[in-house]
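Please look over the chain shown here before reading on. The briefing that follows takes up a few of its side chains, grouped by topic.

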Amino acid sequence: MPKIKNILLPLSSLALAGCGQVPDQKPNIIYVFPDQFRNQAMEFWNSPEYAAHVLWQADPVQTPRLNAFADESVVLSRAVSNCPLSSPYRGIFLTGMLPERSGITLNCNAERPESSLRDDAVCISDVLNAQGYSCGYIGKLHADHPTPNDPANPGHYVSDRRPEWDAYTPAEKRHGYTYWYSYGTFDEHKNPHYWDTDGVRHDPKAWSVGHETDKAIEFLRNENGQRKKDAPFFLTIAYNPPHSPYESLDDCMEEDYNLYKEMGYKQLYVRPNADTTLWKAGAARYYFANVTGVDREFGRILDELERLGLSDNTIVVFTSDHGETMCSQGTDDPKNSIYTESFNVPFLIRYPEKIRPRVDTTLLSTVDIMPTLLSMAGLSEYIPESAEGRDLSPALMENGKECDLPDCALYIRNVNGERDADGLVRGFFPVARGIKTHTHTFEIAIKRDGTLKSVTIFDDINDPYQMHNIDYTREPALMEQLLGMLAAKLEESDDIWHKNGILNKLNF
């Protein structure tokens, strides 16, 4: 692992940061990440050949296209989102840096001016653009602090909502993406809007996932010169569903809802840790409907790749920014927790003839995605020194070499810092840190005064639904082991908990 640097380097000085090489070639890359799509919401996990690799039952969803795609892919059973929240995830994915250095420590809105993607960050799209790729972004971005920059109404926010969450992203903040059809964040699934490459707003009055897939297919066909002819492309597709709202047919397609509308709670909720007395229990039908809808639209992209003869030389990733608790653990918060329903995300990657389809237990973190994809594309020498993750391509490639695999993955949870006289949030409070190992989930949370709030330990092998928090005072050897692993991970990442010596100040 190279030493992490806070100073970002220009593209001309990008340096090697990986544990393996791949042949010098430039495959296309398609990165699809619907929002709030949990790993358990994929039907294939209930098939015998997949069920043997996990210890839980999959949701009662229908995902035929993902089932077939899994058979052609490396399927990671233990991939995690280091900070399972929309904006911080996007900052980590784009930059290969954890939140303190990407600039995005909290979900972006107008009350949090200090949480925004750094203008000087070297993003994966910057690197690929510099290496001749045509880069396109379609869908939800949610990585910038909203400012009064509405192209149609200069000096004003894009809506009258306070605080504003949505945002227009001007060309100078697109980080190498030359085709643009995106928005900040807006949660009306059948009334989406987008700003195109030229800053023109579009209101298609259509279900967002279907419309965005239409735009992706136009990009693949290059119908209007969206990309350079004969150049490799990097297409990022950020669907919003199955993210909330999930309350009515305004939120999903009726054909998909009809698959679940007659199902009772005992059929919908197969996880024994689910509390169906929570107000959102009925949301499962709409959530699963959007899961099935996303599956269908993802399949349309795969079909178009095949029709155009692009499948063999295209790396396709299907993943998500975080999961959805959906009544598990008795929490109303669908994300931003270390519970497996939130922290564990789908990660399927297909690269024909280059990777062998299988289920893999590698603990891939969000921060590893940038260096791994660049290396798989034959661009390991251009991984920026600012990238904090590991190049895990040797663990995924068909003929890859062994590399230094992580023994745990870092978990980060931040909340608002103090508010200033104008009511704006300044900084953040690092309320919890934790790790996921191959056998355990471990989290320590602190109070605002820095004292211990809680310790959470789950045995994920013997307690896969995380229903029994282990009393750390009764398991001193386990606690010592997990503390040591967490401390090492915090030091490796130069986390604020390490810099402030928080672990050393706690009384266990």
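Predicted model: local features only at pLDDT ≥ 70, side-chain atom pairs only at ≥ 80, totals over all residues.

**A buried asparagine and its surroundings**

Leaving aside residues up to four places away in sequence, Asn344 touches Asn39, Gln40, Trp56, Ser77, Arg78 and Ala79.

- Asn344 belongs to the loop that runs between α10 (340-343) and β9 (347-350).
- Because its relative accessibility is 7%, which falls under the 20% limit, Asn344 counts as buried.
- The side chain of Asn344 is joined to that of Asn39 by a polar contact of 3.0 Å, and a polar atom of the Asn344 side chain also lies 3.4 Å from the backbone oxygen of Ser77.

**Aromatic pairs and a cluster**

- Across the whole structure, the search finds 29 aromatic pairs.
- In one of them, the ring centres of Tyr257 and Tyr286 are 4.6 Å apart and the planes meet at 10°, so this pair is stacked.
- This pair links distant parts of the chain, since Tyr257 is in helix α7 (residues 254-257) and Tyr286 is in helix α9 (residues 283-307), 29 residues apart.
- Tyr257 and Tyr286 are both buried.
- The rings of Phe298 and Phe318 have centres 5.0 Å apart, with their planes at 55°, so the pair is tilted.
- Here too the pair links distant parts of the chain, with Phe298 in helix α9 and Phe318 in strand β8 (residues 314-319), 20 residues apart.
- Both Phe298 and Phe318 are buried.
- One aromatic cluster is formed by Tyr31, Phe33, Tyr89 and Phe93.

**Charges over rings**

- Lys215 is placed over the face of Tyr181, at 4.8 Å from the ring centre.
- Arg227 has its charged end over the ring of Phe219, 5.9 Å from the centre of that ring.

**Cysteines**

- With a disulfide taken as a pair of cysteine sulfur atoms within 2.5 Å, the count comes to 0 disulfides.
- Cys135 is in no disulfide, and the nearest cysteine sulfur, which belongs to Cys123, is 11 Å away.
- Cys135 is buried, with a relative accessible area of 0%, and Cys408 is likewise buried, with a relative accessible area of 2%.

Note on methods:
Residues numbered from 1 in each chain as written. Heavy atoms only, no water. Buried < 20%, exposed > 50% of the residue type's maximum accessible area, 1.4 Å probe, protein only. Helix = DSSP H or I, 4+ residues; strand = E, 2+ residues; numbered from the N terminus. Polar contact = N/O pair within 3.5 Å; in protein donor to acceptor, adjacent residues only side chain to side chain. Contact = heavy atoms within 4.5 Å. Phe/Tyr/Trp six-rings, centres within 6.5 Å; stacked < 30°, edge-to-face > 60°. Lys NZ or Arg CZ within 6 Å of the ring centre and 35° of its normal.
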